[in-house]
Amino acid sequence: MSLCSSLSSRPRSRLISRARWLLAALVVATVALTTPSPATAAPFEDAVALFAAGSFSDSATAVGELETSGHPRALAIVKALQDGRLFADEASKAVFIKDEAGKTVNAVTGEPATMPAEANVVRLNNRLRRRVEAALGSLTLLSPDPATRIAAAQAVYKSRDPAALPMVEAALQKETNSAAKSALNAARAAIVLFKPDASEADKLAAVATVKARGDQDALALLSSLPGDVPRAVAESANSAMATIKSRLALWSMVQDAWYGLSLGSVLLLAAIGLAITFGVMGVINMAHGEMVMIGAYTTFVVQDIIRTSYPSMFDYSLLIALPLAFLVAAMIGILIERTVIRFLYGRPLETLLATWGLSLILQQAVRTAFGPNNREVGNPSWMSGAFDLGQISITYNRLWILCFALAIFVVLLAVLRFTRLGLEMRAVTQNRRMAASMGIATARIDALTFGLGSGIAGIAGVALSQIDNVSPNLGQSYIIDSFMVVVFGGVGNLWGTLVGAFSLGIANKFLEPFAGAVLGKIAILVLIILFIQKRPRGLFALKGRAVEA
Amino acid sequence: MTAFPLTQKLERSATVFLAVVAAAGILLPLLNLLLPDSSPLHVPTYLISLFGKYVCYAILALSIDLVWGYCGILSLGHGAFFALGGYAMGMYLMRQIGPRGVYANPILPDFMVFLNWKSLPWYWQGFDMFWFAAIMVLLVPGLLAFCFGWLAFRSRVTGVYFSIITQAMTYALLLAFFRNDFGFGGNNGLTDFKDILGFSLQADGTRAALFAASCLALALGFLICRSVVNSKLGKVLLAIRDAESRTRFLGYRVESYKLFVFTLSACLAGVAGALYVPQVGIINPSEFAPGNSIEAVIWVAVGGRGTLIGAALGAFAVNYAKTMFTSGALAPYWLFLLGALFVFVTLLLPKGLLGTFYAWWDNRVARRGANAPSTNNAEDPAYFADDAVKPHMAE
């Protein structure tokens, strides 16, 4: 498990490694000043002088010589060539580098020098540019920074430049970092496979190395092998390809499963509050999504205050927002229950319409207060980034949300099972009149239950603000999905909600590769509609004697 | 059933309603076409189109009231039937454009040329003929409602479960119609229509005729719904609404009754959509949005569910208010008002405007000491007396 988020995103890693090349060039330059190595000096100087010859082929030869020279100045020169900062004077055969600040140094010695006026930029064509890139790849193999070395090894792996082989082998000798070592090994194998004069045994070993790497790049490499490789190598390459393919298929299944779990956790978060209000109380709360939205906006307000007043506390913003979101959403929920819903018990269709009206009011209220656009909610540092697990990359925020959803589920289960409130809630659900006769204040329990369900939705909003746009429409996008989860899982049973959320999430993600995102979703909706035919009360239906709910 | 005062009153209200619809359908177009622009009685064309839209909404409200008010089935997916009827009409109008499109392709609509399609998909065949499109306007929503209802009612999916899956149905259709490769113009839908049956859609005369046709459809729809609810079948529907299990135990095949009325209602909604599209000039997937269907339900609730006239009036009233609000400086407050309307009507006015008026009228008649015995009639809101006393939750 390497914690390099930079590797997961190519463009970013390229930027970083550019910056590091410069750094490396500086380091190398200072080393060059202190320890000149006379043994390589003469051929190195000749090679550099070739840049002054003015032809592309001479420049290419020079780059090749520099690549294998092992001279500490080589990297700086090739880099300057790539950036168009290398100047050559044909008359004196002297070569100069102009740095970013506009100062010129002698390319060979690295000492400040004045450039003659007639010196010209050493020009590049596309062939030479490719050559330069390959050379840079092998030159940075010796960089002190492991990430740069890995990036360089990747570049060599892609370019498969035979000239880089000695450098790769030299780097392998010195390499201590295991990730860099495996990258170098793969690079070496790639070169050997495409080198016409490598021995069969070497090539077989190379196939084995590539096979061990086992990713999409390895597959591409093996499938583009030239036709003239020995039979044994071709056969072993074919079997390696088959192995890699099946392994990749397995990984893509693991990936789908992970995405499914992640989607399932989002659905669970959105639906679990609904499981309380709809499942336990039988109240159709169409304003449930708005409770989620209010939780998300509470997070926004908390972060806004922290940003302006206590920037150092930013990493704790979610922890502060959690109880606040619960309180705000629960208060609004209780208010709704006391003013509207309690008059509508036993009239589910009317409840549905009234709460839909409330959801419109809440949405418009938030739109008036915060504006119709998306608001910025940031990820704290412990929630950003990703790590690689085998061939898949797992982002921390998705992982945290999965854990968080499960934690809420467990806590809610415990509240229902072990607390007095939970006991009274269950009693009221099972037999309202009997509970009332036993001295339970059913009206109070109704209000608290609704508050609990709404508060949980608010907490879900804190989590969902991390992965979704915080806008007044946030809640609307979840309401149909959450109802589907509760209806599918079965009303009145939290376990049903858990199973429903994860099976819908996983089914959705496994359908996506075949049908595409939208058709997958449609297929899921159709499947649920058909499923309800078979089991009108969901997967985990409560059994009872009531003829009609 | 002629001698009872209640029946008399109802017949009177039905007559008044029909007379108003007929008068509007004839007078407004005439005032638009015959009077010069300068005359104070001249009705501008934009008003004709606006009222035409309201009339279509009234037909949709009528169809929802038929299933919800008289059979207790709350469908949150009637917007889908409305939109499907609209798409069927839109496809006909698209084919009428012919070579006048931007790409001047005589067969393919512009969006298909744009997507580089070579030939017309099979489900677009035949829509160049008006009679075929007219059949499809009834058939497509009807068939969908029949299949959906058959699955749902047979396994006794009732109450809020039915509401939620109808909402899922319209949501699934929304997603499907947003796709370009679904063949209905994707996000943009169907628009840029030129003419209908050879008459230009921009002409005042065509618009007036469409308005008159909508009024005619409203009147016919009203008569059909009224004859259904006043028939013996209508009595069974009421029985199903008020005590479904008891009706089943009495030997009625509840699901067949429900299926019939649900399919009929979907066809009516399809007609409303088909008349709506040429008057507004566009049909796009947003018509499938679940919010639209719920909004249509509130028209019925405001007017009074279980009163056909009330449903139509509710559609007029709410949409008129919507136009007034959203076109002025008060636009941001419209959603507050609409939301409040949902809450207010369900809490304080469960019978709707017309239902409350009927109840008040009945009381007055009773207080006057009329010795006529009270009879229950289909349009008698006393039927709704107390659904609040039904037991709370499953126990």
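## Chains A and B: questions and answers

Colleague: Among contacts in chain A between residues at least 6 apart in sequence, what share joins residues at least 24 apart?

Modeller: Two residues are in contact if their C-beta atoms, placed from the backbone, lie within 7 Å. Taking the chain A contacts between residues at least 6 apart in sequence, the share that joins residues at least 24 apart is 71%.

Colleague: What kind of model is this, and which pLDDT do local features need?

Modeller: pLDDT is the predictor's confidence in each residue, from 0 to 100. Residues are numbered from 1 along each chain as its sequence is written, while chains are lettered from A and ligands numbered from 1 in the order in which they are written. This is a predicted model, in which totals for chains, interfaces and linings use all residues, side-chain atom pairs count only at pLDDT 80 or more, and local features need pLDDT of at least 70.

Colleague: Where in chain A is confidence highest?

Modeller: Chain A averages a pLDDT of 80, and 90% of the residues score at least 70. Over residues 1-11 of chain A, pLDDT stays under 50, and the model has 17 contacts beyond four places in sequence for them. Residues 545-549 of chain A also stay under 50. Helices (DSSP runs of H or I, at least four residues) and strands (runs of E, at least two) are numbered from the N terminus; in chain A the lowest mean, 41, belongs to helix H1 (residues 5-8), and the highest, 94, to helix H14 (residues 317-339).

Colleague: Why is chain A called more spread out than a compact globule, and what is its radius of gyration?

Modeller: Chain A comes to 22 helices and six strands. The radius of gyration is taken over C-alpha atoms, and the globule rule is 2.2 Å times the number of residues to the power 0.38. For 549 residues that rule gives 24 Å, so chain A is more spread out than a compact globule, its own value being well over that at 33 Å.

Colleague: What radius of gyration does chain B have?

Modeller: Chain B has 14 helices and four strands, and its C-alpha atoms fill a box of roughly 70 × 55 × 40 Å along the principal axes. A compact globule of 395 residues would come near 21 Å, which agrees with the value for chain B, 22 Å.

Colleague: What percentage of the residues of chain B count as buried?

Modeller: A residue is buried if 20 or more other C-beta atoms lie within 10 Å of its own, exposed if 12 or fewer, and partly exposed in between, with C-beta atoms placed from the backbone. In chain A, buried residues make up 44% of the 549. Of the 395 residues of chain B, the buried part is 45%.

Colleague: Which helix supplies the largest share of the side of chain A that touches chain B?

Modeller: Here 43 residues of chain A are in contact with 45 residues of chain B. Helices H15 (348-370), H20 (476-489) and H22 (517-534) of chain A each supply at least two residues of that side of chain A. The largest share, 14 residues, comes from H15(A).

Colleague: Phi of which residue is near 65 degrees?

Modeller: Most residues other than glycine have a negative phi. B:Arg156, in the loop between helix H5 (130-154) and helix H6 (159-178) of chain B, has a positive phi near 60 degrees. In the loop between strand S1 (190-191) and strand S2 (195-196) of chain B, the residue with a positive phi near 65 degrees is B:Asp192.
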